[in-house]
Amino acid sequence: MTSGISRRARVLAAAVGTGVLVPLVAAATPAAAATPTVTCTSAKAGLAAKLKKDITAALATRKGTVAVGLYDRSTNTTCTLRASSAYDSASVVKVTVLATLLWDAKKTNRYLTDRENTLAKAMITKSDNAATSTLWKQLGMTKIKGFLSAAGMTQTKPGANGYWGLTQITVTDEQKLLKLLTAKNAVLSDNSRAYILKLMGQVVSSQRWGTPYGVPSGVTVAVKNGWLQRSTNGWRVHSVGAFKGGGHDYVMTVLTHGNSTMNYGITTIQAVAKVIHKDLAAS
């Protein structure tokens, strides 16, 4: 009897080591900790409860692991879900790369060169990877970490060995960055903020999915998305956006992994974005 159990344990351990049984093991052990719930606060009566209910409902039937951040200055509204969970950044980190470039240029009181402008535009509007690699290498880890420190993005861990897409990001830090882009601060100059938002507003149409979904007419949109497939946790699909108009000024981050396809992740993000835009517009 004992030997039978130990042999089974050895087989299980070997299988888990190869990653074969990980989904089965996860499924066989119902959450030891309670599933995280959406938390919302607002200065506007009833808005927090409505957002919490609608975001929760939007995610009720979705698979994968989703993290959400919302902040609306106009109503002092904040919503979070898994705010400190780490995700591979994919191309969302490109906003951080550009912010670092501008932050560093400001320190030496210089404008971006024509070459840097060209690379920055390709990186943000078309999500050009080669342009990103060039700027990432040019900046180097010291400057990237310097910006993260200045921005208070303490949960962000830059990807090693040039793998910028494997930078670890959280909703908390992405929201911090979006807040820096959308209000006066000591880290980024007004010109730098305007430049980043301008490029995020010029993203090619095929990449304007995600957080802008369901945005009311007359509201300006700045967006950057990221997508990456890996052997574990399937597709990472992320979207960060800044929105202004209709009496609101808000930023939104939705990070996801464990998606079966890229489109599945996009649909999840858009289900969340749609209810957020709707609830804010009605408030």
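## Terms and model

A residue is called buried when its relative accessible area is under 20%, exposed when that area is over 50%, and partly exposed in between, with a 1.4 Å probe and protein chains only. This is a predicted model, in which local features need pLDDT of at least 70 and side-chain atom pairs count only at pLDDT 80 or more, while totals for chains, interfaces and linings use all residues. Residues are numbered from 1 along each chain as its sequence is written, and side-chain values use heavy atoms, leaving out hydrogens and water.

## Confidence

The chain has a mean pLDDT (the predictor's confidence in each residue, from 0 to 100) of 91, and 88% of its residues reach 70 or more. Over residues 1–32 pLDDT stays under 50, and the model has six contacts (heavy atoms within 4.5 Å) beyond four places in sequence for them. Where pLDDT is low, the predicted coordinates should not be read in detail.

## D249

D249 is part of strand β8 (residues 248–259); strands (E, at least two residues) and helices (H or I, at least four) are DSSP runs, numbered from the N terminus. With a relative accessible area of 12%, D249 is buried. Neighbours within four places in sequence aside, D249 is in contact with Y71, D72, R73, S74, T182, F243 and K244.

The buried residues of helix α8 (residues 190–200) are S192, R193, Y195, I196, L199 and M200. They lie on the same side of α8, because they cover an arc of only 160° around the axis, taken from the directions from the helix axis to the C-beta atoms. These residues pack against α4 (93–107), α5 (114–125), α7 (171–182), β6 (220–229) and β7 (235–245).

A nonpolar core is a set of buried Ala, Val, Leu, Ile, Met, Phe, Trp, Tyr and Cys residues joined through side-chain atoms within 4.5 Å. The largest one has 78 residues, and I55, L98, F147, L188 and I196 have the most contacts inside it. Helix α4 gives the most to this core, with nine residues. Residues up to four places away in sequence not counted, L98 touches A120, M123, I124, Y195, I196 and L199.

## Aromatic rings

Rings of Phe, Tyr and Trp (its six-membered ring) pair if their centres lie within 6.5 Å; planes under 30 degrees apart count as stacked, over 60 as edge-to-face and the rest as tilted. The count by this rule is three aromatic pairs. The W103 and F147 rings are edge-to-face, because their centres are 6.0 Å apart and their planes at 65°. W103 lies in helix α4 and F147 in helix α6 (residues 129–150), so the pair ties together parts 44 residues apart in sequence. Both W103 and F147 are buried.
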